[in-house]
Amino acid sequence: LNGRMTNTQVDQNIIYSASISGISMQEGVKDSFIRNNLIFNTAQAGIIINNYPGDCAQFGQGGSGSICPYDQTGNLFENNTIYQAGKDWSDGSSYQQPAFRVANQAINKAGDLGHNTLRNNIFVGYGSHYPPVVYDDTDQTYLSTSTFTNNVFWSLDGSSAAIGFGLFTGSYGFRPYDCTTAVPLTTLSGCVNADPKFTNASPSYYNIPASFNFVLLASSPAIGAGTTVGAPATDIWGNARATPPTIGTFEPGSTQPISSITVPLISCIPASL
């Protein structure tokens, strides 16, 4: 999603085995909705918010055109499940990437990449170098102005890191924070550092994606742990959400789709578009 756009809706998709990020938001995606998506086995962050210099004559970017970095604020990320297996799906080589990343590569960090809401999501990262959610820019307020509500964070190496903030100086990786130590950094509530307990998910399935089953086991800490505030009425399959809803993409045990709405007549001016 590259360029200025508002009210974009990315709902109910299965995105996997991508050689880049599953969803990339660049150069001005704002006031948009990213909901009920399952993203796994991506070679870069499952979801990334990113600005770059482009060919921009404004904001000190040094170009001569109109491809420019703008604010990417007011976005809602809700009831997504993101899983990083830690292996390149094409050749099995080891890699580590976060589930969610915010990084501004524009000159002078042009554009605000904060003021976003992340709610009812499952974020699974692979290891300590990349916690499940990372923010690259230690000199910006992107993390402090964003809100995290009722999310599950888990690293497959067993660490309790919830988010990472900034590259270490002189070494590789991000500084991790858990649900307690992250509280001073951002608006955080309902944080869970625990294995979400999928029915069948393993890094060994990196090249056989059909073996993954991200439906939650009955013992999952995500079941019934979501907030009802603004939650989508259905899950990825269109099944009704429980009250309170489950965190993540799938609502276990719900098989009753929301009733459809029949519109008998639509008229518009002009009559033909």
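Phe198 is buried, since its relative accessibility is 10% (buried means under 20% relative accessible area, exposed over 50%, partly exposed in between, with a 1.4 Å probe and protein chains only). This is a predicted model, in which local features need pLDDT of at least 70 and side-chain atom pairs count only at pLDDT 80 or more, while totals for chains, interfaces and linings use all residues. Residues are numbered from 1 along each chain as its sequence is written, and side-chain values use heavy atoms, with hydrogens and water left out.

Tyr83 is buried as well, at a relative accessible area of 2%. Across the whole structure, a search finds 16 aromatic pairs, where rings of Phe, Tyr and Trp (its six-membered ring) pair if their centres lie within 6.5 Å, and planes under 30 degrees apart count as stacked, over 60 as edge-to-face and the rest as tilted. Two of these pairs are set out here.

| Pair | Centres apart | Angle of planes | Type |
|---|---|---|---|
| Tyr83 and Phe198 | 6.1 Å | 70 degrees | edge-to-face |
| Phe212 and Phe214 | 5.2 Å | 10 degrees | stacked |

Both Phe212 and Phe214 are buried, and these two residues belong to one aromatic cluster together with Tyr16, Phe40, Tyr83, Phe198 and Tyr205.

Turning to the polar side chain, Asn50 is buried at 6% relative accessibility, and its side chain makes a polar contact with that of Gln26 at 3.3 Å (a pair of N or O atoms within 3.5 Å; within protein, one must be able to donate a hydrogen and the other to accept it, and residues adjacent in sequence count only if both atoms are side-chain atoms).
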